[in-house]
Amino acid sequence: MGRRVRFGPFELDRQTGELWKHGIKIKLQGKPFQVLVALLERPGETVSRECLQQRLWSGDTFVDFESGLNTAANRLRLTLGDSAENPRYIETLARSGYRFVAQVEEVTADPVRASSPPRSPAHWRWIVPLALVTVTVALWWSMRRPVDAPRFQELTFRGGMISGARFAPDGQTILYSAKWEAQPWRLFLASSVSPETRMFGFEGSMLSAVSSSGELSLLSSEQLGAWAGATLSRVPMNGGAPLTISSRVICSDWSRDGKRLAVIRLEGGETHIEFPVGKVLYRTANLLSGLRISSDGSNLAFLEHPVRGDDAGDVKVLTLDGKVRTLSARWASACGLAWSVSGKEIWFTAARTGGTRALWAVTPAGKLRLVARVPGSLMLHDISRDGRVLVSREDRRLQMSGRIDDDSSERDLSWFDWTGAEDFSPDGKLVLFDESGDGGGPNWTAYLRQVSDGRTLRLGEGHALALAPDGRSAVMMTPTDRLHLSIVPVGEGQPRELSGSGIEYQWARFLPDGQHLLVAGNPPGGSLRLYLQAVNGGQPQPLMPKIYLRPVVISPDGKWIAGANQDSQLVVCELEGSERKLIPTPQAILPVAWSSNGRSVLVRDLGAVPATLYRIDLSSGRIAEWKTIGPANSSGVQTIIRLLYTPNEKSYVYSYQRNLSQLYLADGWK
């Protein structure tokens with residue numbers, strides 16, 4: 001183990017004996033610190049109680065060893081926010097010892113130490129006093145000059161989410177959209193010279209951009225999402241009726257003259273950048289976000305995310321003739337982007353590991369520098385013409401809840417900070433999930449949880465995709481290698497690799513026979529589509545005619561699938577045939593599960609919290625409202641990510657994103 005190691009949000013320096021969490025030093029001394037070091041030296045291995053006794057207490061020291069070690073372990077867990085019942089970091093092995101179960105990585109950057117200089121000859125000794133005088137004078141002079149420390153003005157004070165904050169043309173007025181407590185999304189006006197905020201209206205809309213002439217572009221919040229996009233409209237800031245511009249839009253930005261809009265738009269299995277609206281400059285199967293036009297209108301900066309639903313990605317720039325360059329790649333979380341005042345840098349908020357984002361800058365030549373890091377996670381919204389910055393400080397969590405059989409209320413099934421439910425066994429006993437935040441490490445970590453007693457098995461690094469019907473294996477994917485899948489046994493055995501023969505995987509689902517997978521992917525440079533692939537090998541076979549649906553549920557007999565098309569309408573398809581049926585719905589929906597008899601499909605509304613579930617009869621098309629599902633505390637809950645139901649409809653689990661953010665005006669960042 002090196003001098004400095006990182007696990008989850010913590011960083012340990014063995015030499016200085018310091019432990020940090022999110023950049024803040026926390027107290028851990030004596031025996032608890034020694035226990036932590038011993039476990040970190042052998043992550044994933046059992047460290048026996050005898051080994052710890054020899055390390056913590058010398059042979060001639062007389063002490064109640066059992067009590068002392070238990071006390072040290074308990075204090076360590078308290079500091080880490082861990083528990084013996086549901087260990088995130090330290091697992092107790094009965095009558096044996098302890099094991100560190102979280103992902104551990106070495107921190108290679110190390111403070112530079114000055115080496116001891118050789119003794120100076122006698123005739124040089126007079127230089128030392130002179131140098132000291134020179135340094136003293138220089139230090140005194142530098143202290144006389146004022147230091148321009150960044151200044152921060154808090155603009156919001158309520159609990160909830162903030163999106164799309166922008167400076168108005170006057171540079172003093174600030175517009176932003178927010179969802180406070182259980183209220184709908186609305187627009188608000190704030191000022192850089194006053195703490196007063198007033199409601200601006202446009203209920204159910206989120207601010208996307210503000211033009212130099214004071215025109216707004218708005219997105220309908222009820223449809224916005226990585227899978228569906230939203231309806232884009234434009235409206236003058238001083239009043240008027242919104243005019244619909246386009247559909248399935250992720251984000252937008254105005255040209256400097258305020259006359260043209262650039263948009264990121266979903267189209268089938270592709271994401272497009274259009275500038276102006278309708279003219280496609282770039283298309284990809286990946287998800288795009290954060291679109292911003294340079295001040296001279298010659299370049300468009302954006303973020304590209306290889307896996308839909310995950311904000312990991314790259315910073316890229318696009319020219320008007322369609323040429324794309326990657327400026328900075330492989331960020332674990334990237335969200336929020338703007339051009340600097342000079343136009344010579346692109347500023348963005350991102351994290352190399354986990355989800356605690358800092359503010360970075362990159363030049364068109366790819367030169368990267370850190371602008372600012374603060375305790376917590378940042379989200380960049382806008383930069384004014386005089387260099388002031390709008391950022392929000394976010395407390396982001398992906399949580400998991402569920403109700404099992406006859407539970408009277410939902411259980412909190414969350415593990416670390418970003419718990420994503422991926423699959424649910426048909427009997428409701430096992431939940432497959434992964435951790436992709438600070439607690440999951442740089443390559444994510446997949447787990448299998450026994451719902452009845454909470455026992456949780458770490459399957460290994462990677463993105464969890466699907467659980468076999470018999471619960472004996474799971475499909476996983478490494479975030480940095482989308483060309484292969486891994487079939488990982490639950491228990492003894494070795495993982496097997498499954499090749500996509502060139503396609504880039506997005507997700508996978510087991511068919512009921514446990515021998516085949518339904519996968520989504522794209523050939524290099526192509527759009528997303530659906531494939532069938534045998535678990536024991538063989539190339540993915542594309543469904544014909546070409547189709548892509550999201551998210552897909554499979555019928556109990558394995559012969560049909562149901563999913564939402566690009567307009568969020570329900571489509572039912574024969575897996576090995578050509579029959580397809582569109583079932584119109586009065587609103588945008590997402591499929592949840594098939595009924596056990598295969599005659600109906602459960603769907604939920606898109607984007608609403610709590611989610612309303614409906615039952616659609618496949619023969620008649622009749623739609624009946626069934627129930628609502630959502631967390632009891634909806635403050636800051638942005639969306640329900642994934643909802644999974646058992647065939648008997650008695651048990652369910654789901655993940656939901658909670659984001660509590662505050663908006664700040666920062667002045668002085670360079």
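1. A definition to begin with: a nonpolar core is a set of buried Ala, Val, Leu, Ile, Met, Phe, Trp, Tyr and Cys residues joined through side-chain atoms within 4.5 Å. Buried means under 20% relative accessible area, exposed means over 50%, and partly exposed lies in between, with a 1.4 Å probe and protein chains only.

2. Some ground rules. This is a predicted model, in which local features need pLDDT of at least 70 and side-chain atom pairs count only at pLDDT 80 or more, while totals for chains, interfaces and linings use all residues. Residues are numbered from 1 along each chain as its sequence is written, and side-chain values use heavy atoms, leaving out hydrogens and water.

3. The largest nonpolar core has 27 residues, and Phe7, Leu36 and Phe100 have the most contacts inside it. At least two residues each come from strand S1 (4-7), S2, helix H1 (30-40), helix H2 (49-56), H3 and strand S7 (97-100); helices (H or I, at least four residues) and strands (E, at least two) are DSSP runs, numbered from the N terminus. H1 gives the largest share of this core, seven residues. Another core lies apart from it, with 18 residues that include Leu511, Ala520, Leu532 and Leu549.

4. What does Phe7 touch, leaving aside residues up to four places away in sequence? Its partners are Leu19, Leu36, Leu40, Leu80, Tyr89, Phe100, Gln103 and Val104, where contact means heavy atoms within 4.5 Å.

5. Now the rings. The whole structure has 22 aromatic pairs; rings of Phe, Tyr and Trp (its six-membered ring) pair if their centres lie within 6.5 Å, and planes under 30 degrees apart count as stacked, over 60 as edge-to-face and the rest as tilted. Phe10 and Tyr89 make an edge-to-face pair, with 5.8 Å between centres and 85° between planes. Phe10 is in strand S2 (residues 10-13) and Tyr89 in the loop between helix H3 (65-80) and strand S6 (90-93), so this pair links parts of the chain 79 residues apart. Phe10 is buried at 1% relative accessibility, as is Tyr89 at 5%. Ring pairs also join Phe7, Phe10, Tyr89, Phe100, Trp415, Phe416, Phe433 and Tyr447 into a cluster.

6. Arg352 lies over the face of Trp331, 3.7 Å from the ring centre, and the charged end of Arg615 sits over the ring of Trp626 at 5.2 Å from its centre. The test is that NZ of Lys or CZ of Arg is within 6 Å of the ring centre and within 35 degrees of the ring normal.

7. On charges, the structure holds 30 salt bridges, each a side-chain nitrogen of Lys or Arg within 4 Å of a carboxyl oxygen of Asp or Glu. Arg6 and Glu11 meet at 3.3 Å, N to O; Arg6 is partly exposed at 25%, whereas Glu11 is buried at 18%. In the bridge between Glu181 and Arg158, the closest N and O atoms are 3.2 Å apart. Glu181 is in the loop between strands S11 (173-180) and S12 (186-191) and Arg158 in the loop between strands S9 (151-154) and S10 (160-167), so the pair ties together parts 23 residues apart in sequence.

8. Finally, the cysteines. There are zero disulfides, a disulfide being a pair of cysteine sulfur atoms within 2.5 Å. For Cys335, the nearest cysteine sulfur is that of Cys251, 9.8 Å away.
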